[in-house]
Amino acid sequence: MENKATSCVMLDERKQKKDGTYPLKLRITHLRKRYYFGIDESLTPEDWKKVTEAKGRGRLKELSNRIADIEAKARQIIDGLGAFTIKRFEDVYNGVPVQDSGTSIPKDRTVYKVFDAYVANLRAEDRAGTASSYNTALVSLRKFSDSPYFEDITPTFLTKYEKTMTDSGNSLTTVGMYLRALRTIFNYAIEKGIVQSNFYPFGKRKYQIPTGANVKKALTKDDVVKITNYKPKNPGTIEEQARDLWLLIYACNGMNIKDLCNLKYSNIQGNKISFIRQKTERTTRSNPKPVIAHLPEIAVAIIERWGQKPKHPDTYIFRFYEPGMDAERRFVVSKQVVHNINRWLKTISAELGIEIPVTTYTARHTFSTVLKRSGASIEFISESLGHTDMRTTESYLASFEDDLREEMSKRLF
């Protein structure tokens, strides 16, 4: 939006005070609209004429100097704002604090202040993982630009950020993750009236958040068999546990590590295991849909080998989470479990000659891809993974489509 705001201090003669004077106000004009800010001064029309003609003495001369300072301050703010909005001017001019449903929004309402407040809210809601992810995005953005307003986040700003990040060796996947967090903050700011929706920089014909290159993440069934038949050098060690937990994730619909750590014996119902995904528990609270997985013999054996005893319904199956553990601690513990599994699977897959990196995420992706190769419908795969959006499932299966195209191409000749 082009900046055409002007400012001046004027005598507001629309309403006379009891003492016969009129209030002085700072008037801001923008796009033919006028906005007024009181400056706690009032004069008669005669004295105002003396002030404007620089004929005043004593108090009137001091007032004339004060008016000059106010007008200079207003012009400086307008010149420094870039894209002008009256709300933004008001924030800088007098910093009025805003209360929002019990959550204090910073009075200057810059992007990073609102970002900080949003991260704090996530932590208060025990969403430690999401808070950590958003905070990482915030750290990256702060390195790129100092305290922008939401109106400064333009398609040009975002394009420059993307280029700076990729030039520094960051992947488009990383850039996309950070900017999706920023997009959430921008939508939040619009919802709370912090910025007008016409400043929204994302979307068609504006800036589109990049997606990372499609990298193969799924193993073949033969690779899974190799991992299953792998004999640990020392049975009963963390190496064997890491291999077993990877297989359990794969067997149980590619469950997330947080869901694995959160499993209790009450989740087991006969030859099935049922759980609500931690990732979507908050967003589907009104109608939570459990993920249900069949427990094959190998999964039963793994639970028997590593599960806690005795098997009380409220007991966590594995010794990762403890009763009363807060969200921050659970986040740290689950990250450590991921680290241990990935570290040992890297060693195991190298010994087995598996070229694709094997991680906890690979187990989930392999589960969905093997189902697809077996002829399962996308709807069934989506339900098995616990996805709330079919498009998420389709992105999981993208590499399968690439494999299929390659195989069909080979068959042509």
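Salt bridges, cores and backbone

A: Let us begin with charged pairs: in this predicted model, the count comes to 13 salt bridges.

Q: How far apart are the closest N and O atoms in the salt bridge of D12 with R14?

A: A salt bridge is read from the distance between a side-chain nitrogen of Lys or Arg and a carboxyl oxygen of Asp or Glu, with a cut-off of 4 Å. For D12 and R14, the closest N and O atoms are 2.7 Å apart. D12 has a relative accessibility of 4%, so D12 counts as buried, whereas R14 is exposed, with a relative accessible area of 58%. A network of salt bridges links D12, R14 and K25.

Q: Which parts of the chain hold K233 and E351?

A: K233 and E351 form a salt bridge in which the closest N and O atoms are 2.7 Å apart. K233 belongs to the loop between α8 (221–229) and α9, and E351 belongs to helix α12, so the pair ties together parts that are 118 residues apart in sequence. K233 is exposed, at 54% relative accessible area, while E351 counts as partly exposed, at 46%.

Q: Where do D116 and R142 lie?

A: These two residues also form a salt bridge, with 2.6 Å between the closest N and O atoms. D116 is in helix α4 (residues 111–124) and R142 in helix α5 (residues 128–144), 26 residues apart, and the pair links distant parts of the chain. D116 counts as partly exposed, at 30% relative accessibility, and R142 is partly exposed as well, at 37%.

Q: Which residues touch the most other members of the largest nonpolar core?

A: In soluble globular proteins, nonpolar side chains tend to be buried together. Here the largest nonpolar core has 46 residues, and I227, W246, L248, L260, F318, F320 and I341 touch the most other members. Helix α9 (residues 238–251) gives the most to this core, with eight residues. Apart from it lies another core, of 35 residues, including V111, A137, A181 and L182.

Q: How many residues of α9 are buried?

A: Of the 14 residues in α9, 13 are buried, and the helix is mostly covered. From its first C-alpha to its last, α9 reaches 20 Å, close to the 20 Å expected at 1.5 Å a residue. Leaving aside neighbours within four places in sequence, the contacts of W246 include I227, I341, L345 and V358.

Q: Is S349 buried or exposed?

A: S349 counts as buried because its relative accessibility is 5%, and buried means under 20%. S349 lies in helix α12 (residues 327–352). Not counting residues up to four places away in sequence, S349 touches I354 and V358.

Q: What is the phi of R205?

A: Most residues other than glycine have a negative phi, and most peptide bonds are trans. R205 has a positive phi, near 65°, and is found in the loop between α7 (172–191) and α8. R205 counts as exposed, at 76% relative accessibility. L31 also has a positive phi, near 50°, and its place is the loop between β2 (22–30) and β3 (33–43). N253, which follows α9, has a positive phi near 65°.

Q: Which residues does a cis peptide bond join?

A: The cis bond joins K309 and P310, with omega about -5°. P310 is located in the loop between α11 (297–306) and α12.

Key. Residues are numbered from 1 along each chain as its sequence is written. This is a predicted model: local features need pLDDT of at least 70, side-chain atom pairs count only at pLDDT 80 or more; totals for chains, interfaces and linings use all residues. Side-chain values use heavy atoms; hydrogens and water are left out. Helices (H or I, at least four residues) and strands (E, at least two) are DSSP runs, numbered from the N terminus. Buried means under 20% relative accessible area, exposed over 50%, partly exposed in between (1.4 Å probe, protein chains only). Contact means heavy atoms within 4.5 Å. A nonpolar core is a set of buried Ala, Val, Leu, Ile, Met, Phe, Trp, Tyr and Cys residues joined through side-chain atoms within 4.5 Å. The expected span of a helix is 1.5 Å times one less than its number of residues.
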